[in-house]
Amino acid sequence: MTPDNPSRAGLSPASEAELGALIAERFATCQPLRITGGGTRVETGHLPGDTLSTAAISGVVTYEPGEMTLIARAGTPLDEIQAMLAAEGQALAFEPADMRGVLGQGGTPTIGGVVAANASGPRRLLAGACRDHLLGVRFVDGQGRVLKNGGRVMKNVTGLDLGKLLCGAHGTLGVLTEVALKTLPHLPDRCTLGFHGVTVEEAVAIFSAALATPFEVSGAAFRDGSAWLRIEGLGPQLGYRRDRLLALLAPREAELLDDAATVDLWRELRDLAHFAGADAPLWRVLVKPSDAPATARALQALGGEASLDWGGGLVWYCGPGSPQAVRQVALHATLVRRGGLTGPAFPPEAPAVARLSAGLRQRFDPAGILNSGLMDR
Amino acid sequence: MSGIAMPRPDAGILARAPQIVAALREVLPEDAVIWDPEETRAYECDALTAYRCPPLAVVLPRTTAEVAAAMRICHEMRVPVVPRGAGTSLAGGALPTADSVIIATLRLREVLEIDTQNRFIRVQTGVTNLSVSAELEPQGFFYAPDPSSQLACTIAGNIAMNSGGAHCLKYGVTTNNLMGATVVLPTGEVVELGGPEMGPTGLDLMGLLCGSEGQLGIVTEATLRILPRPEGARPVLIGFDGAEVAGECVARIIRSGVLPVAIEYMDDVCLRAVEAFAHAGYPDCAAVLIVEVEGSPAEIDHQIARIREIADALNPVEFRESRNADEAMAIWKGRKSAFGAMGRLGDYICLDGTVPVGQLPYTLKMIGELSRQHGLEVANVFHAGDGNMHPLILFNANKPGDLERAEAFGNDILRLCVDVGGCLTGEHGVGIEKRDLMTKQYDGPDLEIQMAVKDAFDPRWLLNPAKVFPLDASQPWREEAAAR
């Protein structure tokens, strides 16, 4: 956890209009702002300026289960939304993680923070990322303009898709005030197959075999010598898919976890319980799944531990490796928990891509006041 | 020629045509540059055939480097560029101007890499949508987006328009299945966005590019997510005696937790046309739903039983299950021939607005009223699961004023879609067709920020001119760009 600057003011506008006025004023005077939702997802303590939270811009605007559509203000607590969806047998299929344990932070995760971080958990493998479920946004740009893009319908190609840009921009292009998301039926039955005493190479081989089937594996993760596959289904689907996968992976022995154990295990995997409560730097590394074993081994050689998610497409590395050493192993490495490290958290972009990104930042936030330097320094 | 204005061609560029062609020929192979008016005429329009204009020249590159070379010339000589895939746009997205050079992706036809272990395929973007899935069939995989023009349309066009298709209810549209893109920027610079990793780590430039209708760059290579083929799929046909109750059935199916891969809707006008054309044996009723589910035989049976339960509570006039592949094909036959069948009734405009699923019954009722007001018949056939409507307005192109009446009717329908909480276009794109309606959906500043994004990619405003943004809104941007 990065210590916060005690001298900064905390601002929490109660409405979109108030937020717009506040940013317009800061734009005029070029005063930076540190943007947060619940402050639970990204370390921003090192950024300059007063803290601007969207927590007070809160509340579900509409939820239509028959249309699989939710519209909520950015500060709405994630818990509140998940409970509301669960009551209708639906969920946010991209399964955003709760990062509080890993980052050692209090606070209440918000839906705006989820979207700003494009936070996507184990089910991304099957269902896509947060950005794939985002239908529309309202936001305030770096000049204080209140803007909207997209809408609330599931198919929409009207104009440029700025939601994709805002999703994962961590507040650097604009401050989200409202998001429209697609919701999906929460499949009622689930189980997990656990393969123990396997190497990282064997784990990825298990994942690749399972993910080449039509059985819609919704989680494929590895930690501490165990590879886990999550299966979900409706009615007879679950047993059928389980049996077909067991037959495919025979003669490997698998432990079978029931519904309740599955829910607990995947919550732990999602929230990185195995790396919580520690101080060491934590890296999120994206690779081609077949490159995961070599990457994980090279990172572990720097000291510390690695685990896999997304069938090997995501490597988590917790250890003392220097940024230089980590980035030498992995091109797409983001520093999630600094653990005392300084320097850029995000990987460098190719020069031409960096020029495009800078051009966009210049147009969305001409004075450079929104989470200044978070992504590009 | 009809109501949608295009900017007056730049006389200076027209006068420099020989030099422009010569410069292009210098950097491209002999057969890659077309400027003979007899030949450029083939590129004068896309599938919005009411609007035509031959371009100054057409470039048919075979590699990313050739696309980049052509773009660089056009950038240096300040010549507008119109990107073109297969030219199947229904919105005029590939309509040239007389002073523009078309850069077509048709000859970029290589499949570069198939990697089933990491679940992607990398292709040059001139390959057709259907051929991508055909390439993957031996490996047991497929590429999910399936626009109805999939036999002809190319991946480049799919990316430009963020194309969907019947099965996107379950699998998403192009943006959800695109992992990486090689992009030629308007300056001729080449950038790689995304790749086989599940990114991005920085700003989602690829997400921005997908569906940008050729405003930001030309995608020459793409990495696409591939999926294992389902074990089987089976449709059911459900007939109802009212549009409203059919709409209710759609909402109840979605709410039930069964997630079909497709829910298609056809109304009575369409049903009659299809019957006369394809003899699909559809019931004569107000509305038909085709609902398709996937899985093993037992899974399919279970899902169909759930759907039957939901439908039965709404008193359908018919619930038809397919017991084998032939019966399944018979159920899809009419839907797949719908556009051909409508074509036999005369000329039509195909619209593409999306509405919230709960607003479908009201929207259908209002479209019926607008049809009476405008004195033109309309048929409705669309992807009901996601509210993406495709009203087909029938008119007679040979009758003076009929196209204009049809366009006015279409604009009223699109305004209605926005009024009920939907949007102007679900999968066809804005193009020129809906350009001037953009102010209905977006306020001035909402459009300004989109044009600012265009400006960041295309500082000379040369790519795909007069599309997407209303001409009066983009004028200050274009003037400033010209002065740079």
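Which side chains meet in a salt bridge at 3.0 Å, N to O? They are those of A:K148 and B:D443. A salt bridge here is a side-chain nitrogen of Lys or Arg within 4 Å of a carboxyl oxygen of Asp or Glu. The model is predicted, so local features need pLDDT of at least 70 and side-chain atom pairs count only at pLDDT 80 or more, while totals for chains, interfaces and linings use all residues. Residues are numbered from 1 along each chain as its sequence is written, chains are lettered from A and ligands numbered from 1 in the order in which they are written, and side-chain values use heavy atoms, with hydrogens and water left out.

Across the interface of chain A and chain B, 11 salt bridges are found. The rule also finds 26 residue pairs in polar contact there, both residues at pLDDT 80 or more. A polar contact is a pair of N or O atoms within 3.5 Å; within protein, one must be able to donate a hydrogen and the other to accept it, and residues adjacent in sequence count only if both atoms are side-chain atoms. Among the elements that give two or more residues to the chain A side are strand 8 (146-150), helix 7 (200-211), helix 8 (237-249) and helix 12 (351-364) of chain A. Helices (H or I, at least four residues) and strands (E, at least two) are DSSP runs, numbered from the N terminus. Helix 12 of chain A gives the largest share of that side, 10 residues. By class, the side of chain A that touches chain B has 35 nonpolar, 17 polar and 21 charged residues. Ala, Val, Leu, Ile, Met, Phe, Trp, Tyr, Cys and Pro count as nonpolar, Asp, Glu, Lys and Arg as charged, and the others, Gly among them, as polar.

The contact (heavy atoms within 4.5 Å) takes 73 residues from chain A and 88 from chain B. The area buried between the two chains is about 6600 Å², and carbon and sulfur atoms give 60% of it. Buried area is the accessible area (1.4 Å probe) that two parts lose on being put together, summed over both. A:K155, A:V157 and A:L160 supply 13% of the area that chain A buries against chain B, more than any other three residues.

Chain B is assigned five domains: domain 1 (11-104), domain 2 (111-228), domain 3 (233-339), domain 4 (346-437) and domain 5 (442-483). The bounds come from an automatic or database domain assignment. The C-alpha centres of domain 1 and domain 4 of chain B lie 31 Å apart. Their contact takes 8 residues from domain 1 and 9 residues from domain 4. About 630 Å² is buried between these two domains, 70% of it from carbon and sulfur atoms. B:Y51, B:L90 and B:A91 supply 65% of the area that domain 1 buries against domain 4, more than any other three residues. There are 0 salt bridges between domain 1 and domain 4 of chain B. Residue pairs in polar contact number 3. The domain 1 side has 6 nonpolar, 2 polar and no charged residues.

In chain A, 3 strands form an open parallel sheet in the order 1-3-2. Strand 1 (10-11) and strand 2 (33-36) stand at the edges, each with a single partner strand, so one side of each is left without a neighbour in the sheet. Strands pair if DSSP finds at least two bridges between them. Strand 1 is joined to strand 3 (residues 50-53) of chain A by 2 bridges. A:G10 stands opposite A:T51 in strand 3.
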